[in-house]
Amino acid sequence: SRHGRSTDATLGVVDPALTDCAGWALIAGPVLFMIGAAAWDPRVFQGDTEAVIRNVATRRRRWTWIHGWMAAGVVGTTAGIGVWQSIQSSWPAGTAAWIAMLLFLFAAAVYLVGIAIRHGVDGAAASAISAGDPIPAGLATWHAFGGTIHSTYVYLANAAGIALGASAILADPRLAVIGWIGIAMGAVFIVGYRAFTPWFAPPFIPTVFPAVLGIALLVAT
């Protein structure tokens, strides 16, 4: 119950308000991410390299808006997982939560590096086109490198989701079903990305389970 619980040896919460804090923190990051992702149009920003750069050149504000919010979202999601980890006291749940936080921290770092490279490289190419110059040589190579960065993010972030699900199972019996859902989602997304990359490539996907866990925490407490 939300009121009348002074301590919970399993969930490790002294003050139920900390559970609410973790819940809202886990929700906030994915919401920020989706503000940016909702403005993404694959017909505009994916496909032929030259066409994409020309679209970036004419939509710089939208391009910046998208990546700014997604960067904030991935940082916020990392923070949310960190808050969840901080309220764990039992070693199995705490260890799993630590693993989840570290995996997502690495994923977020990789993702932010990818955004920085994309803005630097594509931004420079867009400026060149706007000035009437040709697209800089080597852009396709940078895009291929960006694909590798994105794949690394997807694998790490979804692995973090599996660890996050395990931590939920170990933290509180009330979260067992949600935890197993998280493990299943992470595994399906990893295998799906490996086998059917385009369908499982959107970067918001790994942020879905943290939001689900956040909602579950608010409901459970």
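The model is predicted. Its largest pocket holds about 970 Å³ of space, and its largest nonpolar core has 52 residues. Nine aromatic pairs are found in a search of the whole structure.

**Largest pocket**

- The lining of the largest pocket consists of 33 residues. Those nearest the pocket centre are Trp 40, Phe 45, Gln 46, Arg 118 and His 150.
- At least two lining residues come from each of helix H1 (16-37), helix H2 (42-45), helix H3 (49-58), helix H4 (60-86), helix H5 (91-130), helix H6 (139-171) and helix H8 (197-200).
- H6 supplies the largest share of this lining, with seven residues.
- Sorted by class, the lining has 20 nonpolar residues, eleven polar residues and two charged residues.

**Largest nonpolar core**

- Within the core of 52 residues, Trp 84, Tyr 153 and Leu 213 have the most contacts.
- Helices H1, H2, H3, H4, H5 and H6 each supply at least two residues of this core, as do helix H7 (176-195) and helix H9 (208-220).
- H5 contributes the most to the core, giving 13 residues.
- Leaving out residues up to four places away in sequence, Leu 213 touches Trp 84, as well as Leu 26, Leu 164, Ala 168, Leu 175 and Ile 178.

**Aromatic pairs**

- Among the nine aromatic pairs is the one formed by Trp 40 and Trp 63, which is tilted, with 6.2 Å centre to centre and 35 degrees between the planes.
- Trp 40 is in the loop between H1 and H2 and Trp 63 is in helix H4, so this pair ties together parts that lie 23 residues apart in sequence.
- Trp 40 counts as partly exposed because its relative accessibility is 26%, above the 20% limit for buried residues. Trp 63 counts as buried, at 2% relative accessibility.
- Tyr 111 and Tyr 153 also form a tilted pair, with ring centres 4.6 Å apart and planes at 40 degrees. This pair links distant parts of the chain, with Tyr 111 in helix H5 and Tyr 153 in helix H6, 42 residues apart.
- Tyr 111 is buried, with a relative accessible area of 4%, and Tyr 153 is buried at 0% relative accessibility.

**Pro 203**

- Pro 203 is located in the loop between H8 and H9.
- The relative accessible area of Pro 203 is 19%; the cut-off for buried is under 20%, so Pro 203 counts as buried.
- Apart from neighbours within four places in sequence, Pro 203 is in contact with Phe 33, Tyr 111 and Tyr 153, and also with Met 70 and His 150.
- Pro 203 and His 150 are 53 residues apart along the chain, and 8.0 Å separates their C-alpha atoms. His 150 is also one of the residues nearest the centre of the largest pocket.

**Gln 85**

- Gln 85 belongs to helix H4 and counts as buried, at 10% relative accessibility.
- Not counting residues up to four places away in sequence, Gln 85 touches Gly 94, Ala 97, Trp 98 and Met 101.

Definitions and conventions: Residues are numbered from 1 along each chain as its sequence is written. This is a predicted model: local features need pLDDT of at least 70, side-chain atom pairs count only at pLDDT 80 or more; totals for chains, interfaces and linings use all residues. Side-chain values use heavy atoms; hydrogens and water are left out. On a 1 Å grid over the protein atoms alone, a cavity is a set of points where a 1.4 Å probe fits but cannot get out, and a pocket is an open set with protein on both sides within 12 Å along at least five of seven lines; lining residues have an atom within 4 Å of a point. Grid points are joined across faces, edges and corners, and a volume is the space filled by probe spheres set on the points. Helices (H or I, at least four residues) and strands (E, at least two) are DSSP runs, numbered from the N terminus. Ala, Val, Leu, Ile, Met, Phe, Trp, Tyr, Cys and Pro count as nonpolar, Asp, Glu, Lys and Arg as charged, and the others, Gly among them, as polar. A nonpolar core is a set of buried Ala, Val, Leu, Ile, Met, Phe, Trp, Tyr and Cys residues joined through side-chain atoms within 4.5 Å. Buried means under 20% relative accessible area, exposed over 50%, partly exposed in between (1.4 Å probe, protein chains only). Contact means heavy atoms within 4.5 Å. Rings of Phe, Tyr and Trp (its six-membered ring) pair if their centres lie within 6.5 Å; planes under 30 degrees apart count as stacked, over 60 as edge-to-face and the rest as tilted.
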